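Dear colleague,

My notes on it come directly after.

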Amino acid sequence: MAASTPILIQQARLLTPSQPTPPRLLSLSAIDSQLFLRFTIEYLLIYTLPSSSHPSAISSAFRAALSDLLILYFPLSGRVREKSDGSGLEVVCRSQGVLFVEAVSDFYTAADFDRPPRSVAEWRGFLSFSVEDVLDGSPPLVVQLTWLKDGALAVGVGFNHCLCDGIGSAEFLNSFAELVVGRLGRATELKPIPVWDRHLLTPQSRLSQRRTPFISPEFQRVPDLCRFMSRFVDEPLVPTSVSFGKIHLTRLKSLAHSTRRPGETAFTAFEVLAAHIWRSWAQSLKLPPNQTLKLLFSVNVRKRIKPNLPAGYYGNAFVLGCAQTTAGELGEKKLGHVAGLIKKAKESVGDEHVRHVTELVSESRVCPDSVGVLIVSQWSRLGLEKVDFGMGRPVHVGPVCCDRYCILLPVYNQTEAVKVTLAVPKSAVDKYESMVRNVAT
């Protein structure tokens, strides 16, 4: 694709809540305020429309619904800043507004999203307002409608990750869709009502009172034996996309169960697929056998802490599960062993673990280490494939930009299928794709 391929911005405006909301200063939780969450979650959804559709009417419905929804989600029209004492983040809520952008493209059609992008940033223009620093005064929410060459519609949405997690943002999008098509008359009819309550994930006790500070494994540094990060900087990253249907996932489960440890319970589809991706990725990079590797993944804690978080809580309500081993073991051990590491890491996340992590991040500016790390993010269970703005379900759901982090996505019209997207260094891409497509080992 030529670098000059246009996505033409026609209009950009700030939208505010359709009714006045009182000015407030709201604290974000210790989990929200973590350094590694200070980026934007960026979704790209593609819809095919009948030829009789009227873009101006659709845009008008989007704007009206968004302004109405902001009555309940008014913090998304505020601005995030650091507290004066440096203890975390807060939101200044004065109805400053969210950014709504309208654009057209004379190059792309819906069919172009059946393949991975040619480069990691090829689709950047579908969310043209890219927020590099969420604390620079930018709107926490950006929505862009781009009308494609064939009449299809691309909906790009960017959420400040400090304000909400994947589950919270997906709930917002589904509520947004309900309002656009009129299935709800007003935002106030939403059930459950969005809940702030960020104090529930900010500890009352202080870490300094502990004799032995708890350091969760994802924050522990490991030796870099191979200039690991330089592989992802010095080489071009090639986006890849591989879909796993029900048959493939069943085969992976069978392989994992045949090699699991005695007494180990059944694996989930996520555990076996993540294990298969991790092994394929690690072996394709040809890392030293003694290089420590980690697989990080989000664990929803809404029902893992006591008391459970209330329905409608849309803040960051997850901690990172961390499976760890060496590159050599990933290559030598069978799928069941690796899936077992992931299962064990997930099962270790309970109420006490969450409280320890919350205390740790409230007292320090720790970040997960990057050396030897693969992050897997499970978008396939968020409900993004159900977001129907009156145009049917999206024919494509994915990130705006592809990255070295792995994202599991839903597949259009295949309820149990998963699409795996991951950007891999150019020298490793052929081996990675060969290995990840082979589910017989």
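Predicted model: local features only at pLDDT ≥ 70, side-chain atom pairs only at ≥ 80, totals over all residues.

Residues are numbered from 1 along each chain as its sequence is written, and side-chain values use heavy atoms, with hydrogens and water left out.

**Helix pairs**

Helices and strands are DSSP runs, numbered from the N terminus (helices: H or I, at least four residues; strands: E, at least two). Helix α1 (residues 55–69) packs against helix α2 (residues 166–180) with the axes 9 Å apart and at an angle of about 125 degrees. Axes here are lines fitted to C-alpha atoms, for helices over the stretch in contact, and angles run from 0 to 180 degrees between N-to-C directions. The angle makes α1 oblique to α2; angles under 35 degrees count as roughly parallel, over 145 as roughly antiparallel, 65 to 115 as roughly perpendicular and the rest as oblique.

On the α1 side, Ala61, Phe62, Ala65, Leu66, Asp68 and Leu69 meet Phe172, Ser175, Phe176, Leu179 and Val180 of α2, where contact means heavy atoms within 4.5 Å. The residues of this contact divide into nine nonpolar, one polar and one charged. Ala, Val, Leu, Ile, Met, Phe, Trp, Tyr, Cys and Pro count as nonpolar, Asp, Glu, Lys and Arg as charged, and the others, Gly among them, as polar.

Helix α5 (residues 269–285) and helix α9 (residues 429–437) cross at roughly 150 degrees, and their axes come within 8 Å. That makes α5 roughly antiparallel to α9. Their crossing is right-handed. His276, Ile277, Ser280, Trp281, Gln283 and Ser284 in α5 meet Lys431, Tyr432, Met435 and Val436 in α9. The contact of α5 with α9 comprises five nonpolar, four polar and one charged residue.

**Two buried residues**

Glu42 lies in strand β3 (residues 40–47). Glu42 counts as buried because its relative accessibility is 12%; buried means under 20% relative accessible area, exposed over 50%, and partly exposed in between (1.4 Å probe, protein chains only). The side chains of Glu42 and Arg124 are joined by a polar contact of 2.8 Å. Such a contact is a pair of N or O atoms within 3.5 Å; within protein, one must be able to donate a hydrogen and the other to accept it, and residues adjacent in sequence count only if both atoms are side-chain atoms. Leaving aside neighbours within four places in sequence, the contacts of Glu42 include Trp379 and Val400.

Ile305 is in the loop between β10 (292–300) and β11 (318–326), and at 1% relative accessibility Ile305 counts as buried. Not counting residues up to four places away in sequence, Ile305 touches Leu201, Asp351, Val354 and Arg355.

**Backbone**

Most residues other than glycine have a negative phi, and most peptide bonds are trans. A cis peptide bond joins Lys306 and Pro307, with omega about -5 degrees; Pro307 is found in the loop between β10 and β11. Another cis peptide bond joins Lys191 and Pro192, with omega about -5 degrees. Lys286, in the loop between α5 and β10, has a positive phi near 55 degrees and is exposed at 67% relative accessibility.

Yours sincerely

Methods
Left-handed = near helix turned anticlockwise from the far one by under 90°.
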